[in-house]
Every structure is written in C-alpha cells, then in structure tokens.
Amino acid sequence: MKKKPAKEKPSDAPITVIPRAQHPISRKDISDNALKVLYRLNKSGFEAYLVGGGVRDLLLHKKPKDFDIATNATPEQVRKLFRNCRLIGRRFRLAHIMFGPDVIEVATFRGPHDHIETNDRNQSHKAQSGMLLRDNIFGSVAEDAVRRDFTINSLYYGIEDFSLRDYVGGLADLNAGIIRLIGEPETRYREDPVRMLRAVRFASKLDMTIEPNTAEPIPRLAFLLKDIPPARLFEESLKLLQSGQGYQTYKLLREYHLFQPLFPIIQRGFTQGGDAPMEKLLIQVLKNTDLRLQNDKKVNPAFLFAAMLWYPLLEHAEKLAQEGGLPYNQAFSLATDDILNEQCRSIAIPKRHTTTMRDIWSLQLRLPHRQGKQANKLMEHPKFRAAYDLLELRADVELRHELKDLVQWWGEFQQSTPPQQRGMISKLGNKPIRRRIRSRRRPVNHNRNND
C-alpha cells in the first residue's frame with residue numbers, strides 16, 4: 001500500500017467509513033467459518049464486524065492467520081446462537097466457536113473500564129500497578145475501537161454493508177507503516193504489559209516503525225513483564241521468536257530492554273563486544289529458524305530454547321563441577337535442573353518441551369562416544385537429529401577442530417551403508433574417550449552489556 005503521512009492524534013480523528021468500492025477486502029479472502037458467524041449474528045439482529053489482525057492483514061494483502069469478530073451480542077447470547085460455542089476466560093470473557101480445528105473468536109464490544117457496574121459479571125478491576133485484572137464492561141463499537149491496543153488493529157469490516165470503519169486513524173497509520181498505541185501509552189502498558197511485546201512483534205513482523213510516544217515508555221516499564229504469568233509469556237515468546245522475523249525481533253527486544261524479563265539467564269551472558277559463543281549461537285539459531293519458517297518448514301520450540309540456553313547450561317555445569325568437586329555428569333544433570341527451573345520462572349516452558357531439551361543436551365555429552373554399538377544406538381535415539389543439528393551449530397560457532405571432526409564423522413555416518421558404518425567405527429580404534437565437553441574458558445568480563 002502506498003504510504004501516506006499519519007495523523008498526529010489518531011484518537012481525535014473523525015469516524016471514517018470506507019465503502020466497499022474503495023477498499024480491497026473481499027469476502028472470498030475471509031474464511032467460510034468466519035463468514036458463517038458474521039452472517040448468523042447479523043441475521044439474529046446483532047452488529048457483527050471482522051476486526052483486528054484479520055482486517056489489518058487483508059488490507060496489507062497478506063493471508064490472515066486468524067479471523068476475530070466483534071459484536072454487541074453478549075457472550076451468553078453468542079452461546080445461545082451457536083451450539084459449537086464455548087465461553088472462556090474470566091479476565092476477558094470471550095466466545096470460541098469451534099469448527100473442528102478452526103476456532104473463530106468472538107468478543108463483545110468493550111466499553112470504558114472506569115464505568116464499573118454493581119453486577120460482578122460485568123466489571124472491570126485494576127491492580128495497584130494499573131494492570132487490568134478483569135474487564136467485562138460492554139459498550140458500543142465506537143467505545144470498543146478506542147479500547148483496542150494499536151490503531152492498525154482497530155479497523156472494522158462490517159458484514160451488513162461490507163464497508164470499513166476507522167475510528168482512530170488506523171488506516172493512515174497502516175499506510176504510513178506506524179505502530180501507534182491508542183490512548184496514553186504508559187497507562188495502556190500498565191493495563192497490560194504484554195502490549196510492549198506486541199509493539200515490538202508487529203514492528204518486526206510488518207516492517208513498521210514504533211511511533212516515538214509509543215516507544216518512549218517501553219524501556220522503563222519493561223520490569224512490569226515480571227507480573228505477567230509465565231505461561232502467558234511462553235505463548236508470547238513463541239509469537240516473538242517463531243514469527244519468521246525472530247532475529248529482527250530479538251534485536252528490538254534488546255533495544256527496548258524487553259529481553260531480560262523473558263530470558264534473564266541469557267541476558268547475564270551478554271558481552272560488550274557481542275562475540276561470545278552464546279551470542280553467536282543465539283543469533284545463528286534465530287536466523288536458521290527464520291529461514292525454515294520462510295520456506296514453510298516446521299520448527300520445534302524445544303530445539304530453539306535448547307540452543308539458546310546451551311552455553312548458560314555449560315557454564316553452570318562447569319561451575320558446579322569445579323566448586324562442588326562433583327563428577328562432571330552429575331554436575332551437568334544438576335545444572336540442567338537449575339537452568340530449566342530458573343528459566344521456567346520467567347517463561348513456563350511446558351514439560352513436553354523441557355523433556356526434549358534435556359534429551360538434546362544430554363546427547364551433546366554422548367555424541368563423542370561412538371565405539372562398539374554406541375554409534376548405532378545414538379542414531380536410533382528419537383532426538384538424535386536435533387542433537388546433531390545443535391552439535392553442528394556449536395562447531396560453526398566455536399571453530400574447534402575436534403567439534404568439526406565430530407560433525408563431519410556423524411554426517412558421513414548417517415549417509416553410509418551398514419558395512420561402511422562398521423568400517424568407520426573400527427577406524428576409531430580404542431582412542432580414549434573424552435568424558436566431558438568443555439567450553440573454552442573465557443576471562444570474566446566486568447564490562448557486561450546490561451541493556
């Protein structure tokens with residue numbers, strides 16, 4: 001879309017209605033299930049609009065991932081209209097209409113949250129920090145528009161006349177490539193600190209610029225993310241790092257001081273020069289993840305987190321082994337528990353992923369052990385390929401001959417026939433096996449980058 005100058009104060013912009021002939025959104029680009037919901041709500045006498053990222057992406061000629069709907073029907077009224085509906089959430093009461101694996105989310109128009117009703121089912125409560133704890137005040141579509149987070153996410157496509165409604169100057173900001181909060185930025189961030197992460201995510205994903213007033217409070221309010229449930233931050237971290245723009249998002253997270261609340265263990269290892277093995281591997285795994293997603297390949301969050309946390313784990317294992325006088329394997333096992341426990345206090349990584357991470361890490365110690373039947377047993381391990389990929393990344397980062405030789409050997413072994421594999425194993429002979437894989441010790445850097 002051709003960029004145009006954005007209005008200075010989008011919240012003061014008059015309501016703009018763009019008729020069907022003057023915007024590019026077509027029903028053929030909207031999912032059939034979303035259209036079913038829109039039409040049924042409309043035919044039942046309710047207002048019904050496609051809203052949020054679905055409208056934004058259609059205007060940018062992108063394929064939306066989700067289609068969300070806003071209506072003046074209450075959640076209970078929506079449930080009466082759809083047998084395949086379930087209501088979720090206490091903080092934000094929503095209706096999810098299920099079409100097999102496809103879920104259409106329907107939200108009732110929100111009203112001003114300072115208008116608290118006496119009925120507890122329709123209340124808004126704020127914490128002392130300003131965070132909204134409950135928000136079920138219902139209102140009009142115009143009131144709903146100013147309650148949304150960013151102007152570009154506050155555009156409404158109406159099913160009744162197929163027009164586009166803009167209440168906050170979102171279309172101008174979309175055309176200009178600007179991420180702008182609706183309302184006073186600090187207040188809006190305190191209501192929901194995750195909006196800071198969303199600002200960064202949209203800026204990276206859409207290649208847009210965060211408007212200065214929207215950007216200014218973020219570094220000094222980043223600490224508010226510590227009040228967000230770790231399970232919610234896990235979901236947000238996946239959106240941030242597995243968007244196809246993970247590396248660019250990472251740079252913005254660092255710039256706005258948002259990385260530390262998510263990954264405090266990794267933050268402690270950052271150096272002034274940015275050239276530590278941990279930092280190099282972090283950047284490379286994010287770039288590789290972006291490339292896979294851009295090529296429509298699957299990515300495993302467990303591998304991403306295992307790679308990101310490998311060097312902090314290694315450093316902690318070395319510390320436990322040296323200071324506690326423990327055998328290295330025991331120190332490594334204890335370090336694995338410590339690292340996962342600490343990381344999960346910030347981001348609650350589910351057990352299905354931490355189990356895989358443990359396998360990938362433990363295999364790093366086992367991959368040098370190839371004599372006898374060990375090589376074949378290792379290659380039969382379900383997480384062998386992921387462990388090999390991490391080994392390959394480590395070799396590229398550390399540039400150590402023994403790691404590169406190990407990567408080359410396993411690469412050839414995977415491609416060889418059984419007789420060739422037996423020959424490769426026999427050539428190893430009875431060489432002594434290293435019992436641990438140490439990182440290169442580096443001097444303590446007292447000039448850490450604590451952004």
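Predicted model: local features only at pLDDT ≥ 70, side-chain atom pairs only at ≥ 80, totals over all residues.
**Helices H16 and H17**

Two packed helices are described by the angle between their axes and the distance between the axes. For H16 (residues 328–346) and H17 (residues 351–366), the angle is about 150 degrees and the axes lie 11 Å apart. Angles over 145 degrees count as roughly antiparallel, and H16 and H17 are therefore roughly antiparallel to each other. Their crossing is right-handed.

On the H16 side, the contact is made by Tyr328, Asn329, Phe332, Thr336, Asp337, Ile339, Leu340 and Cys344. H17 contributes Thr354, Met357, Arg358, Trp361, Ser362 and Leu365. By class, the residues of this contact comprise eight nonpolar, four polar and two charged.

**Cysteines**

A disulfide is a covalent bond between the sulfur atoms of two cysteines. With a cut-off of 2.5 Å between cysteine sulfur atoms, the count of disulfides is zero. The table gives the accessibility of Cys85 and Cys344.

| Residue | Relative accessible area | Class |
|---|---|---|
| Cys85 | 10% | buried |
| Cys344 | 23% | partly exposed |

Cys344 is also one of the H16 residues in the contact with H17.

**Helix H11**

Helix H11 spans residues 246–255, and its buried residues are Gly246, Thr249, Tyr250, Leu252, Leu253 and Arg254. The elements covering these buried residues include helices H7 (194–205), H10 (230–241), H12 (259–262) and H14 (277–294). Just after H11, His257 has a positive phi of about 65 degrees.

Terms used. Residues numbered from 1 in each chain as written. Heavy atoms only, no water. Axes fitted to C-alpha atoms, helices over the stretch in contact; angles between N-to-C directions. Helix = DSSP H or I, 4+ residues; strand = E, 2+ residues; numbered from the N terminus. Parallel < 35°, antiparallel > 145°, perpendicular 65-115°, else oblique. Left-handed = near helix turned anticlockwise from the far one by under 90°. Contact = heavy atoms within 4.5 Å. Nonpolar A, V, L, I, M, F, W, Y, C, P; charged D, E, K, R; others polar. Buried < 20%, exposed > 50% of the residue type's maximum accessible area, 1.4 Å probe, protein only.
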